[in-house]
Amino acid sequence: MTEKLLHEHTEQTQAKVVVVTSGKGGVGKTTTSAAFASALAVRGYKTVVIDFDVGLRNLDLIMGCERRVVYDLLNVIHGEGSLNQALIKDKRVGNLYILPASQTRDNDALSIEGVGEVIAALRKNFEYIICDSPAGIEKGAMTAMYFADEALVVTNPEISSVRDSDRIIGMLASKTRRAEQNLPPVKEHLIITRYDPLRVTKGDMLSAGDVNEILAIPFLGVVPESKSVLAASNSGIPVTLADEGDAHEAYFDIVDRFLGEDKPFRFMDVPRKGIFSRLFGGR
Amino acid sequence: MSFFDLFRFKRKSSASIAKERLQIIVSHERRRPSTPDFLPQLQQDILGVVRKYIPINENQIKLSVDRKGDSEVLELNISLSSDS
């Protein structure tokens with residue numbers, strides 16, 4: 001009873017806004033947004049995923065709903081369509097909705113006030129609001145992170161990506177609503193994508209430990225480099241809704257850890273070889 | 001590590017070079033936002049005070065913040081040489 005009362009008094013609802021961000025482009029933000037949102041919906045949470053990349057929308061393609069887009073985020077902000085008209089319900093999982101970005105304008109058309117109203121409305125109906133940020137540190141990226149309660153920082157084990165992530169972590173701590181209103185800070189999580197344990201063993205790639213040591217935010221896990229990611233995007237199926245595979249399992253582990261489950265880390269080491277190949281360093 | 005790795009010429013891996021470079025650049029960039037933005041104003045104020053007693057121009061006064069170990073050092077340099 002007291003617990004129920006407590007919930008009613010924290011925020012309006014328990015909805016959580018999660019931004020998926022990275023600074024650098026091409027590291028897997030949209031793949032992660034789609035996979036993460038779908039897995040949350042599979043786990044039973046009512047989830048919406050919003051594309052903030054105005055002018056270069058792609059989430060609709062990755063989610064496989066590009067032909068169902070009629071109204072978009074900017075139409076809603078400008079009152080040209082209602083939120084319900086713009087939300088696309090996923091045909092595979094109940095609980096999952098997509099709010100596409102506009103393709104005909106650019107990121108400057110996003111206003112913090114307008115986005116704030118949309119997010120406030122979504123908070124009443126959803127448990128998780130996933131914001132797929134565009135690359136860069138321009139208006140689109142800043143708007144995507146502004147209302148975040150938590151952040152998934154997506155990084156590749158590669159120097160420019162790690163450096164950009166560090167910049168973004170600094171902005172999460174200073175340029176968000178939580179920072180400006182002196183609320184508890186945005187809760188950050190690190191996801192390392194395109195991880196190749198074999199190259200790490202050979203010393204050709206930064207290890208998850210190295211990246212963790214430099215960025216120093218809580219670690220949700222690695223997603224191994226996997227052919228199934230391209231295959232899934234080719235067919236418009238989020239990795240977590242596609243057939244099993246390393247990346248599929250890695251994303252479910254990540255979602256379960258995000259939800260508080262204590263799962264051992266996987267996909268960090270090269271699969272064990274037999275005694276023969278170990279003796280002779282088989283490659 | 002395999003048996004033959006023991007005999008391989010030990011060279012610094014590119015990953016460890018990457019890590020070192022990142023540690024340096026990231027710690028440098030994290031420090032930057034803490035550089036006070038009142039420096040130009042402080043410089044103008046000091047210039048005003050010094051000018052009450054000695055005629056100098058803006059180029060003769062230099063102000064900077066440096067980090068030495070754990071402490072920050074505010075360095076003020078006023079050169080009184082002839083005109084520059």
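1. Basis. The model is predicted, so local features need pLDDT of at least 70 and side-chain atom pairs count only at pLDDT 80 or more, while totals for chains, interfaces and linings use all residues. Residues are numbered from 1 along each chain as its sequence is written, chains are lettered from A and ligands numbered from 1 in the order in which they are written, and side-chain values use heavy atoms, with hydrogens and water left out.

2. Helix pair. Helix H2 (residues 29–42) and helix H13 (residues 246–258), both of chain A, have axes that come within 9 Å and cross at roughly 65 degrees. Helices are DSSP runs of H or I with at least four residues, strands are runs of E with at least two, and both are numbered from the N terminus. Axes are lines fitted to C-alpha atoms, for helices over the stretch in contact, and angles run from 0 to 180 degrees between N-to-C directions.

3. Residues in contact. On the H2(A) side, Thr31(A), Thr32(A), Ala35(A) and Phe36(A) are among the residues that meet H13(A). On the H13(A) side, the residues include Tyr251(A), Phe252(A) and Ile254(A). Contact means heavy atoms within 4.5 Å. By class, this contact has ten nonpolar, two polar and no charged residues. Ala, Val, Leu, Ile, Met, Phe, Trp, Tyr, Cys and Pro count as nonpolar, Asp, Glu, Lys and Arg as charged, and the others, Gly among them, as polar.

4. Salt bridges. Over all chains, the structure holds 18 salt bridges. A salt bridge is a side-chain nitrogen of Lys or Arg within 4 Å of a carboxyl oxygen of Asp or Glu.

5. Arg177(A) and Asp149(A). The closest N and O atoms of this salt bridge are 3.5 Å apart. Arg177(A) lies in helix H9 and Asp149(A) in the loop between helix H7 and strand S6, so the pair ties together parts that are 28 residues apart in sequence. Arg177(A) is buried at 14% relative accessibility, and Asp149(A) is buried at 6%. Buried means under 20% relative accessible area, exposed over 50%, and partly exposed in between (1.4 Å probe, protein chains only).

6. Lys263(A) and Asp253(A). Their side chains form a salt bridge at 3.7 Å, N to O. Lys263(A) is in the loop between H13 and H14 and Asp253(A) in H13, so parts ten residues apart in sequence are tied together. Lys263(A) is partly exposed at 25%, whereas Asp253(A) is buried at 5%. Both belong to a network of salt bridges that also links Arg43(A), Glu249(A), Asp256(A), Arg257(A) and Arg266(A).
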